[in-house]
Amino acid sequence: MSRIRGSRRTRRVTSLSGTVDAGELGAAIAARDGNGDRTLAYRGLRVTGNLRLDHRRLDTSVALVDCVFEEPLDLTELSAPSFDLSGSVLPALRADRLVLDGELRLAGARVGDGMAGPRPMTDPSDSGTGLRAPRRLQEGAATGAVELADARIGGNLVVEELSVADGGAWSLLAPRLVVEGSVHGRGLTANGSLYLRDARVTHAVNLHAADVGGIDATGITCTGFYADWGFRSTGQVLLRAAEVGGVVTFHDGILTGPAGSLLCGRLRVPRLRLDLREPPAGRVVLQDANVDVLVDSESTWPAPGALSLEGFVYQRLETERPVAVRTRISWLTRDPRAGARAFEQLAKSYESGGDERSARTVRHARERYLSRNDRLSGRVWGLVQDVLFGYGYAPRRALLWLLSLVALGSSWFAAHRPPPVGGDSKRAWDPVLYSLDLLIPVASLGHRGAWDPAGASKAVALLLVVSGWVLATAVIAGARRVLGRG
């Protein structure tokens, strides 16, 4: 954590009180700047007019605590040691390209025009909903209740218990924000969305128990992203192409209606927790994400058709309660576009944990799942392979079929001995060897051509020969598949 400058213990409270004009307050700050005070503190003021501290350089920290501003506060391109607006009420904060050596505090502040209706961030493909769709911003035209575009904060950004009720789409508009400490947003409430695209946070983004209309943190870099313990979003949460050094967690989080969803395509993080409090209202997209450990919960998996896993790479799966392998396979099939790669990734995760049996079960399920998209002939042939020996992943099943057919043939031919070819045979009659010779399609034991079945015995002999060829062909095809894909 960076050192916090301008602590309240060193503040000097000025004589201003009650209702003051913005110009008077700005002049007082300028007059006392550089007089040796570490912090100029003003508490409980009501500021009329537009207080503009933009394009200034202050050598003293400023604290405007529990103040009420009738007009937006302009800190655009201000340079100062730190700035504290804790507990204050203001229509808007304009602080693009703000530069602070220490903290920016908005703890307990209230920002906005008071229009508290929810404005959830939704998918651009949604139509007819009347909800706003997120697109790449035209930053010259977009506005937010709190604007921190390209701002550089040397300490922490403290927005704990900040309340933003505004008619605009963005409650926090901070593309390319740089925070050398952490973002502390516990209990933050915003009816609009937070825009943190391409932000750089040295430590963590903490949004414990926050309630927002959505987050666009595409391309963010930080050491931890904590949207957990009661975090709630009514719109999309975007962490696309984000780089997080520690953990991204939505433990006990809520992605609720009308558009609560999570899009983490190309996310890079060692540990991802998706054990939500309840199933998400919308989609969960993990396409091409790369994590070491995924922690999830069977009870809060997204609905079938609302999960995207193709290209998702993980080393290990963790759950609070064990999940059976066949139940985990149903997790894959919630992605309607899941292909062979998604099944193979799950099989590899079981292999890395030493569970070879579960890995085979997953690969067997993969063949069944993929065969559904084949033509009719392919589906029929796949069914034959599945029944005979499980696409090569149940080899003992092929042995059972072989033994069953040998037993069937032996029982029949023991009671219905065929006559020898030419009326005489030098070979001793053995119904087991004769049945086995009929089943083996290539090699010959010398019994097949020594006897001449007729009538029903001929039909049984033909059944064994055809069964032998089908079994051998299926085994060869399965072996090639296992070697090629496994």
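Predicted model: local features only at pLDDT ≥ 70, side-chain atom pairs only at ≥ 80, totals over all residues.
Residues are numbered from 1 along each chain.

The model has 9 aromatic pairs (rings of Phe, Tyr and Trp, the last by its six-membered ring, with centres within 6.5 Å; planes under 30 degrees apart are stacked, over 60 edge-to-face, the rest tilted). Y314 and W331 pair edge-to-face, 6.3 Å centre to centre with 65° between the planes. Y314 sits in the loop between β37 (307-308) and β38 (316-318), and W331 in helix α2 (residues 325-332). W301, F312, Y314 and W331 form one aromatic cluster.

## The core

The largest nonpolar core has 103 residues (buried Ala, Val, Leu, Ile, Met, Phe, Trp, Tyr and Cys joined through side-chain atoms within 4.5 Å). F83, L148, F225 and F250 have the most contacts inside this core. Helix α3 (residues 340-352) gives the most to the core, with 5 residues. Another core lies apart, with 11 residues, including F413 and W451.

## Confidence

The chain averages a pLDDT of 87 (the predictor's confidence in each residue, from 0 to 100). Of the residues, 85% score at least 70. Over residues 1-13, pLDDT stays under 50. Local features need pLDDT of at least 70 and side-chain atom pairs 80 or more, while totals for chains, interfaces and linings use all residues; side-chain values use heavy atoms, without hydrogens and water.

Note on methods
Buried < 20%, exposed > 50% of the residue type's maximum accessible area, 1.4 Å probe, protein only. Helix = DSSP H or I, 4+ residues; strand = E, 2+ residues; numbered from the N terminus. Contact = heavy atoms within 4.5 Å.
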